[in-house]
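User: I have just opened this one and would like a short tour. Could we go through it together?
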Amino acid sequence: MEILVQQLANGVMLGAIYALVAAGVALIFGVLEIPQFALGAMAMLGAYAVYFANVGFGLNYWFSLVLAGGALAVIGAITHRLVFHPLRNAPGINAFISAFGLLLVLESGALILFGATYRRIPSPLGSEGIRLLGAYVTWQRVLVVVVTLVVVLILQQVIKRTQAGSSIRAVAQNPVGARVVGIDVVRVQTATMALGGVLAALAGGLIAPIASVYPTMGDTLIVKAFVITILGGMGSMAGAIVGGFVFGAVEALGAAYVSVDYKDAFGFVVLVLVLALRPEGIFGGSES
Amino acid sequence: MTRRIRSLVRNFWLQLTVFAVAAFAVPWVVSSNYTFHLLTLSAIWAVLAVSLNLVMGYAGLLSIAHGALAMLGGYTSSLLVLDSSVNFWFALVVGSLVAALMGLFVGVLTLRLRGHYFAISTLAFGIVVSLVLEKWGTVTRGPRGVTNIPPPAPLGPLEFATNRAKYFLIVIILVVTLALVRNLVQSPFGRALEAIRGNELVARSLGVDAVRYKLVAFTISAAIAGVSGTLYATYINYLHPSDASLWTSFFALLYVVIGGSGTLWGPVIGSVFVVVVPEWLRLFDEYRQLLLGLVLILVITFLPGGLMALGSKVRGVVKRWRRTRVRAQEASS
């Protein structure tokens, strides 16, 4: 029972990080139909931003997190304008390839600028934790889950209730129609990319005090986020978030009860099952 | 007359002959061992790139599993030779079949689905392969990798122990692969694939069983990829799970895109270009990656046809420039 709870707690925490990145992937895919593979590298840059603000300049962790979000919003918007926007009329495969190129540029850029050393960020909440049904969970881990849930709820409400949110939904449903009713489609698309950058930066910044910060830290993260967006049905935000938590839990339970060595493979086995049995994803509708 | 020369230059079999002769002359022309090593590597990667191009360039399927498929072939054949004393040539075929079977498996699961499902699933498949290669230590030797992979077994009087002999073998396989892919692409099968890439709905309405065609193309492509992995293993003498990582697949993609996807010679040109040119520039690894990433983005944006399209692109630019100059002169006069 203790092991179960401990593993589940870990799984849910990791799942929250996956969910954040996957939400970004789903959002961008929903609006732009671009599989933004470079989002993992953006999570890595977010973690570095938090590291330099927090450890380098001694700023408060929370403030650093906000700064990182802002910085990655700018990077997300700029890369959209430079890399993806020129490809808007090209076949979809080209944007995918460009996203790979961007990943390569961002990762090797980070390697050149910051070096390959693993860096650590002290947890803002120390190493204290709580006992939960016999398992010991540090506050940082609780924090990851809480912040994720809050961010996701805010995002969902913004998309549902605000003017900007309805523009985003309009462009996702029908870009041409959106333009007809006077929405600046390019601006909405750029803003969506910026939003994706913010989500990635938060994921990177939140996981940084638990894991280490290094140039390739985003690789497994983005691959899992992509698998999760398939599980959830491509472009479905709710699916991405639930999928993220499920993925984390499956990994943790698989590691505890089947084999630690193959921890990273269990989620992919779930992917194969879902593709075989319910190809539109757990939450995917019949549309698109 | 010029038309006849032009049609001769465009004849694939003539091109292939010239290429084969030039490639066979390389060991006598290139004096530096290092350059020779690079050219051998680019020939191996060219086999992989040609196989990827079959699905990517002609069927429009983005596979990010080709590195993993190649190494699956390489691991299978090398372990068969080392641990079960199987003959190299038989092991080469078995490795290729294993890669083809895995390709078929991934294809059956994902090719029914449209859009990016296939690409992402191949990505996940690649990750699982390198993970299994690393963790299944009792069979694959885990993170230590497979060492002392022997050269190909002699074929009658032909020995393959030296690098030069291995190079000739690799070039022969590359030439055969090119001929095979060319015939596939020119056959009704290839035309059906291009129809599917152009517009799957129309192709289906014309009675093309799109899923089956894509599945066959991907399986053939995986089989060729498996061969390239065996060539790599027997040339380098060493395999490591990280050889099957995302990066191998990604570089295969790079060769195809930079050379020109959907063209017969593009993947070959791309592999030579990407393997050899950064070496001339003597860049450190991370700068090379940065450069390749930038080149990839620039090529996809401004030269989607790759280096193969460079000629016509330049001609187009020159023509436009001339036209505007003439117009400017007319306006001023």
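User: How much area is buried between chain A and chain B?
Analyst: Bearing in mind that this is a predicted model, the area buried between chain A and chain B comes to about 3600 Å², and carbon and sulfur atoms give 83% of that area.

User: Which three residues of chain A supply more of its buried area than any other three?
Analyst: Those are I97(A), F100(A) and L104(A), which supply 18% of the area that chain A buries against chain B.

User: And how many residues are in contact across the two chains?
Analyst: On one side there are 41 residues of chain A, and they are in contact with 40 residues of chain B.

User: Which helix gives the largest share of chain A's side?
Analyst: Helix 4 of chain A does, with 16 residues of the side that touches chain B. By class, that side of chain A has 28 nonpolar, seven polar and six charged residues.

User: Changing topic, what is the volume of the second largest pocket?
Analyst: The second largest pocket has a volume of about 800 Å³. It is lined by 29 residues, and those closest to its centre are W247(B), F251(B), D285(B), R288(B) and Q289(B).

User: Which elements give two or more residues to that lining?
Analyst: From chain A there is helix 4 (92–114), and from chain B there are helix 3 (33–58), helix 12 (246–259), helix 13 (266–280) and helix 14 (285–302). The lining residues of this pocket divide into 16 nonpolar, seven polar and six charged.

Conventions
Residues are numbered from 1 along each chain as its sequence is written. Chains are lettered from A and ligands numbered from 1 in the order in which they are written. This is a predicted model: local features need pLDDT of at least 70, side-chain atom pairs count only at pLDDT 80 or more; totals for chains, interfaces and linings use all residues. Side-chain values use heavy atoms; hydrogens and water are left out. On a 1 Å grid over the protein atoms alone, a cavity is a set of points where a 1.4 Å probe fits but cannot get out, and a pocket is an open set with protein on both sides within 12 Å along at least five of seven lines; lining residues have an atom within 4 Å of a point. Grid points are joined across faces, edges and corners, and a volume is the space filled by probe spheres set on the points. Helices (H or I, at least four residues) and strands (E, at least two) are DSSP runs, numbered from the N terminus. Ala, Val, Leu, Ile, Met, Phe, Trp, Tyr, Cys and Pro count as nonpolar, Asp, Glu, Lys and Arg as charged, and the others, Gly among them, as polar. Contact means heavy atoms within 4.5 Å. Buried area is the accessible area (1.4 Å probe) that two parts lose on being put together, summed over both.
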